[in-house]
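Please look over the model shown below before reading on. The briefing that follows takes its domains, its core, one of its strands and its chain contact in turn.

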Amino acid sequence: MKFDNKIFKFIFIVPVIIYSVFLIALPLLYIFWISFLKNDSYGGIINVFTLQNYIDIFADVYIKIFLRSFLIALGTTFICILISYPFVLAVSHKNKKIQQILMTLVMVPFLTNSLIRMYGFTVLLRKYGVINQILLNTSLINEPLELMYNTFGIMIGMVYTLLPFMILPLYSSVLTIEKPILEAANDLGASKWQTFKKIILPQTLPGLFNGSLMVFTPALGYFFIVDILGGGKIMILGNLIKNQFLTARNWPFGAAISVFLILITSILIWGYKKIGGKMDDLGGM
Amino acid sequence: MKKIILVFLMLLILTGCTKKEEQKHVNILNWSSYIPDSVIRNFEKETNIKVNYGTYSSNEELLAKVSNAKEGTYDLIFPSDYMIEIMKNRDMLEKIDKTKLNNINNLNSSYLNLEYDSNNDYSLPFIAASTVISVNRDLVKDSITSYNDLLNPKYKNDIVLIDDQRIIIGMALLANGYDMNSTDEKELEVAKEWLLQLKDNIKAYDSDSPKNFLITKEVSIAVLWNAEGALASMENNSIENIFPNEGFALSIDNFAIPKGAKNKEELYIFIDYILRPDVMKEIISSYPYKNINKETDKILNDDYLNNKAANIPDEIYKQGSFVKNVGDSIRTFDKIWAEIK
């Protein structure tokens, strides 16, 4: 039996190894490799070593795009936290059955492709879209509101798409708080805010950080949301990288930005470990 | 336990035994919304050749798709003028054997032997296009004859542009009296300043369907491809199409065969089919770009012929210019693009 077990383990692990090596590690190495090469004007890659791509990143215009992307991603993360905490705490007080139903509902949007959901939003948000029509017809407003083709529209799309990634880890860490501790806090006269600050927040910190990472990182790169709800006139890192690989035909520079982005994300995770987070908590749901 | 493994292995072997007899087919990669489905279906019915059809939305996407796919993945592609030049230079195209095309003489000779492929060795024109300014006359009463008219602060957040850096920076160059393909740093700097001035008026950049912005009244002015402008004016007759004084961008999309195409016979049958006057008429009626098939000209409807955005008059067409490959200056274009967004 022991022998069979090993074979089975092997059979199940091999696909994962193949997947990680060929679809994650090798492409990343390739990206890393070409980020030090030159490009020719027809979009080919020349095997000449250069650091120019990394120097180019520090031009004003690209730094501005970095900052803008970070602000959008930070804003998205912050709003997601503000929405998720009350939701998750409210859900955790319901009985098991209702909790399960509510958490399943959080997952429901994933059943539809997110690109299609974004196009759905345009029907709601555009100048003479559903929301503006209702507001105009009820005379609540005289002029249609500018709900999309600006940063506001992008934020709606980002928060909507990424919210579940905040709710899920936060929910699982809220579940680890033992009820008696909350009751004790209540008995000892702690206010709701004190209970949150002293008990809930510290205990859900891993979930909070996990969620923040899962919201923040994709928010830097989700170019389709920016393209559709931002009207293609606001550029974030995702669009910048996409442009290098397509329109500008400058793969090495696109690769350099990607590597830079990976570096920043790694620093964030390193910072998390530094302040005492455990790597297990990042993966633990 | 061993039995389970055995069954598993046998299943693996079985999956290898399902190879079917191959049907004749052709793998086509084309612009989205260029050839109506009905044309493809009729071709399949008539010739019994199955069409595997993929789409792209920019020349650059096409380049990326073809250069990253295994040779022989695609049989027929539709690059524009400057992309033909690039692909030719990267040795990605095969010569076209014109003797295999019976309908080749239907092509209007003014669109043959152009600079980007002087003998049409590697490409044959499919349709021609130009950019145009479309204006909703219900909402905009002022006269618009020049790109500079779009700078009027009245049109705040009221303009949609094609999401293409060469076309839009080219437009800014034209507005300032320069060549659309200028690579002069100073001229490009002026173009950048001009676009920054225009920034507040731009509601969105969109290449997929800018006409929808006009039709849904999201904006009242658009700079888009002529077929989009023509369709918008057919949908709503208060939409007027204007060819600006300073000129505009032209584009010719071509049939081209990527290196290593496998289904040679079928792809020539397909090109010949598209070159048939009645087939081209069906395509042009759905996507009213400028027709370059002489025989089709004779049978097109008045709807098309009288729409000047669709059937661009020759004397206007002459005022346009092609997007040319700008070599390494593409970096400057890309940087400007990042700065104005």
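## Two domains of chain B

In this predicted model, the centres of domain 1 of chain B and domain 2 of chain B, taken over C-alpha atoms, are separated by 27 Å. The domain assignment of chain B gives 24-127 + 252-298 as domain 1 and 129-250 + 320-340 as domain 2.

**Where the two domains touch**

- Eleven residues from domain 1 of chain B and eleven residues from domain 2 of chain B take part in the contact between them.
- On the side of domain 1 of chain B that touches domain 2 of chain B, the largest share, four residues, is supplied by helix α4 (residues 81-89) of chain B.
- Sorted by class, the residues on that side of domain 1 of chain B are six nonpolar, two polar and three charged.

**The largest nonpolar core**

- The largest nonpolar core holds 145 residues, and those that touch the most other members are Leu162(A), Ala219(A), Leu76(B), Ile159(B), Ala172(B) and Ala222(B).
- Helix α7 (residues 151-175) of chain A gives this core its largest share, which is eleven residues.
- Because domain 1 and domain 2 of chain B both give residues to this core, it lies between them.
- Leaving aside residues up to four places away in sequence, Ile159(B) touches Leu150(B), Asn201(B), Ile202(B), Lys203(B), Val219(B), Ile221(B) and Ala222(B).

**Strand β10 of chain B**

- Strand β10 (residues 249-255) of chain B is mostly covered, since seven of its seven residues are buried.
- Both faces of β10(B) are covered, with Ala249(B), Ser251(B), Asp253(B) and Phe255(B) buried on one side, and Leu250(B), Ile252(B) and Asn254(B) buried on the other.
- Strand β5 (residues 124-136) of chain B pairs with β10(B) in the antiparallel sense over six bridges, and within β10(B) the bridge partner of Ser130(B) is Leu250(B).
- Strand β12 (residues 321-322) of chain B pairs with β10(B) in the parallel sense over two bridges, and here Leu250(B) stands opposite Phe322(B) of β12(B).

**Contact between chain A and chain B**

- The contact between the chains takes 26 residues from chain A and 29 residues from chain B.
- On the side of chain A that touches chain B, α3 (60-92) and α11 (237-245) of chain A each supply at least two residues.
- That side of chain A is made up, by class, of twelve nonpolar, eight polar and six charged residues.

Notes:
Residues are numbered from 1 along each chain as its sequence is written. Chains are lettered from A and ligands numbered from 1 in the order in which they are written. This is a predicted model: local features need pLDDT of at least 70, side-chain atom pairs count only at pLDDT 80 or more; totals for chains, interfaces and linings use all residues. A nonpolar core is a set of buried Ala, Val, Leu, Ile, Met, Phe, Trp, Tyr and Cys residues joined through C-beta atoms within 7 Å. A residue is buried if 20 or more other C-beta atoms lie within 10 Å of its own, exposed if 12 or fewer, and partly exposed in between; C-beta atoms are placed from the backbone. Domain bounds come from an automatic or database domain assignment. Two residues are in contact if their C-beta atoms, placed from the backbone, lie within 7 Å. Two strands pair if DSSP finds at least two bridges between them. Ala, Val, Leu, Ile, Met, Phe, Trp, Tyr, Cys and Pro count as nonpolar, Asp, Glu, Lys and Arg as charged, and the others, Gly among them, as polar.
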